[in-house]
Amino acid sequence: IYNLILNFPDGTNLGYGDEGNGGKKTADRYPQLSRWFDDRTLEYIRTFGTSGIKPEWTSYSFPLSQTTIMRSDWSKQALYMFTNVRGGGGGHGHGDDNHLSVYAFGRVLLADSGVFSYTSTDPYRQWGLSSKAHNTVLINNSNQTIQPVSQKAGVGTIHHWHTNNSYDFLSQSTNATKNFKHKRTISFIKPYYWIVS
């Protein structure tokens with residue numbers, strides 16, 4: 001379910017981290033999962049609502065991966081936001097804690113930079129890994145630290161998560177900027193707008 005709801009409402013790839021941007025998922029993606037688990041909700045998500053049972057929830061926070069998805073509904077025109085405080089670890093990590101990816105009214109409004117190249121000297125690769133490329137805040141013009149997966153010091157914290165039919169509220173922080181803790185709160189007044197502070 002995690003990989004399926006990371007997609008934008010029209011099925012386009014989120015393009016998070018080193019994943020490519022723009023590819024479309026189809027209703028045939030992971031067909032066996034809903035059968036294996038006899039999960040009609042998963043079938044609805046997988047088929048973009050052509051079959052199955054619509055989930056009673058729209059937004060979800062994954063505490064182990066420290067990623068959160070807020071959405072207004074399950075239509076292709078839904079308002080959708082993705083954010084995380086994972087710590088940007090490993091060879092595929094980016095300086096992207098507290099970043100925002102936003103999709104609304106059938107369009108990507110705030111995109112993740114995605115991946116350009118794996119050549120470390122390529123200026124596009126350097127920019128793509130940077131915090132500047134990720135709709136977040138630079139403190140003292142410094143990029144976030146990208147640490148090896150084995151180090152947990154850079155992993156952020158989800159302080160509070162609440163979701164219901166009227167609003168979502170998220171408070172999270174990252175330690176990935178040297179000598180600072182960047183805390184961000186996001187309120188989603190459903191189905192209209194987000195307040196980010």
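Trainee: Which residue in strand 2 stands opposite serine 61?

Mentor: The model is a predicted one. Strand 1 and strand 2, the latter covering residues 67-71, pair in the antiparallel sense over three bridges. Within strand 2, the residue opposite serine 61 is threonine 68.

Trainee: Which strands are the edge strands of the sheet?

Mentor: Five strands make up an open, antiparallel sheet, and their order is 1-2-3-4-5. From one strand to the next, the twist averages 15°. An edge strand pairs on one side only, and this applies to strand 1 (60-62) and strand 5 (107-110).

Trainee: Which element gives the largest share of the largest nonpolar core?

Mentor: This core has 15 residues, of which Ile5, Leu14, Ile69, Tyr80 and Phe82 touch the most other members. Two or more residues come from each of helix 1 (2-5), helix 3 (40-46) and strand 3 (80-84). The largest share is three residues, and the element that gives it is helix 3.

Trainee: How many residues does the second, separate core have?

Mentor: Among the members of this second core are Met70, Met81, Ala104 and Phe188. The core is separate, and its residues number 10.

Trainee: Why does tryptophan 127 count as partly exposed?

Mentor: Tryptophan 127 lies in helix 4, which spans residues 123-129. Together with Phe116 and Tyr124, Trp127 forms a nonpolar surface patch with about 380 Å² of accessible area. Buried means under 20% relative accessible area and exposed means over 50%, with partly exposed in between. Tryptophan 127 therefore counts as partly exposed, its relative accessibility being 43%.

Terms used:
Residues are numbered from 1 along each chain as its sequence is written. This is a predicted model: local features need pLDDT of at least 70, side-chain atom pairs count only at pLDDT 80 or more; totals for chains, interfaces and linings use all residues. Side-chain values use heavy atoms; hydrogens and water are left out. Patches are made of residues with over 30% relative accessible area and no salt bridge: like charges are joined within 9 Å, nonpolar side chains (Val, Leu, Ile, Met, Phe, Trp, Tyr) within 5 Å. Accessible areas come from the Shrake-Rupley method with a 1.4 Å probe; for residues, only the protein chains shown count as cover. A salt bridge is a side-chain nitrogen of Lys or Arg within 4 Å of a carboxyl oxygen of Asp or Glu. Helices (H or I, at least four residues) and strands (E, at least two) are DSSP runs, numbered from the N terminus. Buried means under 20% relative accessible area, exposed over 50%, partly exposed in between (1.4 Å probe, protein chains only). A nonpolar core is a set of buried Ala, Val, Leu, Ile, Met, Phe, Trp, Tyr and Cys residues joined through side-chain atoms within 4.5 Å. Two strands pair if DSSP finds at least two bridges between them. Axes are lines fitted to C-alpha atoms, for helices over the stretch in contact, and angles run from 0 to 180 degrees between N-to-C directions.
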